[in-house]
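Here is a short report on one protein model. Look at the sequence and the fold first, then read on.

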Amino acid sequence: MTIIGIAGGTGSGKTTVVRKIAEALPPHCAVVVPLDSYYNDTSSMTEEERHAINFDHPDAFDWKLLVKQVNELRHGIAIEQPTYSYLKCNRLPETIHIEPKPVIIIEGIMTLLNKKLRDMMDLKVFVDTDSDERLIRNIQRDVVERGRTVDMVINRYLEVLKPMHEQFIEPTKKYADIIIPQGGENRTGIDILCKYIERLADSVKG
């Protein structure tokens with residue numbers, strides 16, 4: 001079993017990197033565990049309280065459940081992965097059944113923050129992208145997918161995303177074995193990473 005952690009700021013291109021890695025591996029070889037699925041269950045909170053949560057702070061995540069389920073996958077045990085709604089700011093009752101695969105990819109802004117999680121990883125990757133580019137991607141995504149206005153996205157970036165990135169995400173770069181600059185646009189870097197992961201997975205199988 002090979003476990004890969006892929007971190008980077010919101011809008012850095014992590015998802016693109018993960019998709020290209022999954023495509024480069026043999027079919028049905030990898031499973032992706034998104035950190036975004038592991039926000040805390042906020043069912044006991046009011047709607048107003050939920051909307052006031054800083055979802056870019058480490059305290060917003062259910063690290064205990066994430067570590068437990070990654071560990072189960074590592075030992076060949078299937079999991080029921082939680083699902084999350086950005087519109088409701090809460091975990092949904094539905095879960096996703098995930099079977100263990102030879103390669104487990106954990107992807108999210110703070111994937112490299114938690115030491116217990118890091119210690120399970122065979123490879124740690126940080127996707128590094130210019131802050132202006134990340135802001136543009138945030139605007140494009142949040143306006144289309146989450147129904148926010150451009151002003152809302154910019155205000156959130158300045159008040160929340162930027163300071164949280166500087167305080168919690170950027171420092172985790174020091175834990176990375178590999179840093180991919182320019183995010184999903186770095187075809188050469190992603191290609192080298194994919195080939196390395198293929199060899200890593202082959203050595204585990206062998």
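## Arginine 91

Arginine 91 sits in strand β4, which covers residues 90-98. The model is a predicted one. Is arginine 91 buried or exposed? Its relative accessibility is 17%, and buried means under 20%, so arginine 91 counts as buried.

What does the side chain of arginine 91 meet there? One partner is the side chain of aspartate 62, with a polar contact at 3.3 Å. Another is the backbone: a polar atom of the arginine 91 side chain lies 2.7 Å from the backbone oxygen of tyrosine 39. Neighbours within four places in sequence aside, arginine 91 is in contact with Tyr39, Asn40, Asp41, Asp62, Leu65, Pro82, Thr83 and Tyr84.

## Helix α3

Leu65, a contact of arginine 91, is also one of the buried residues of helix α3.

Helix α3 runs over residues 63-74. Its 12 residues should span 16 Å at 1.5 Å a residue, and the end C-alpha atoms are 16 Å apart, so the two values agree. After α3 comes glycine 76, with a positive phi near 80°.

## The nonpolar cores

The largest nonpolar core has 33 residues. Leu66, Val70, Met110 and Leu117 have the most contacts inside this core. Elements giving two or more residues to this core are β1, β2, α3, β3, β5 and α6. Helix α3 gives the largest share, 6 residues.

Methionine 110 has contacts beyond its neighbours within four places in sequence: Leu35, Asp56, His57, Pro58, Phe61, Trp63, Phe168 and Ile169. A second, separate core has 19 residues, among them Ile4, Val127, Ile190 and Ala201.

## Helix α6

Phe168 and Ile169, both in contact with methionine 110, are among the buried residues of helix α6. Val153, Tyr157, Leu161, Met164 and His165 are buried in this helix too.

How far does helix α6 span between its end C-alpha atoms? The helix holds 20 residues, 150-169, and spans only 24 Å. A straight helix with 20 residues would span 28 Å at 1.5 Å a residue. Helix α6 also has a kink of about 50°. The kink is centred on tyrosine 157, one of the buried residues of α6.

How values were computed. Residues are numbered from 1 along each chain as its sequence is written. This is a predicted model: local features need pLDDT of at least 70, side-chain atom pairs count only at pLDDT 80 or more; totals for chains, interfaces and linings use all residues. Side-chain values use heavy atoms; hydrogens and water are left out. Helices (H or I, at least four residues) and strands (E, at least two) are DSSP runs, numbered from the N terminus. The expected span of a helix is 1.5 Å times one less than its number of residues. The bend at a residue is the angle between axes fitted to the seven residues ending there and the seven starting there. Buried means under 20% relative accessible area, exposed over 50%, partly exposed in between (1.4 Å probe, protein chains only). A polar contact is a pair of N or O atoms within 3.5 Å; within protein, one must be able to donate a hydrogen and the other to accept it, and residues adjacent in sequence count only if both atoms are side-chain atoms. Contact means heavy atoms within 4.5 Å. A nonpolar core is a set of buried Ala, Val, Leu, Ile, Met, Phe, Trp, Tyr and Cys residues joined through side-chain atoms within 4.5 Å.
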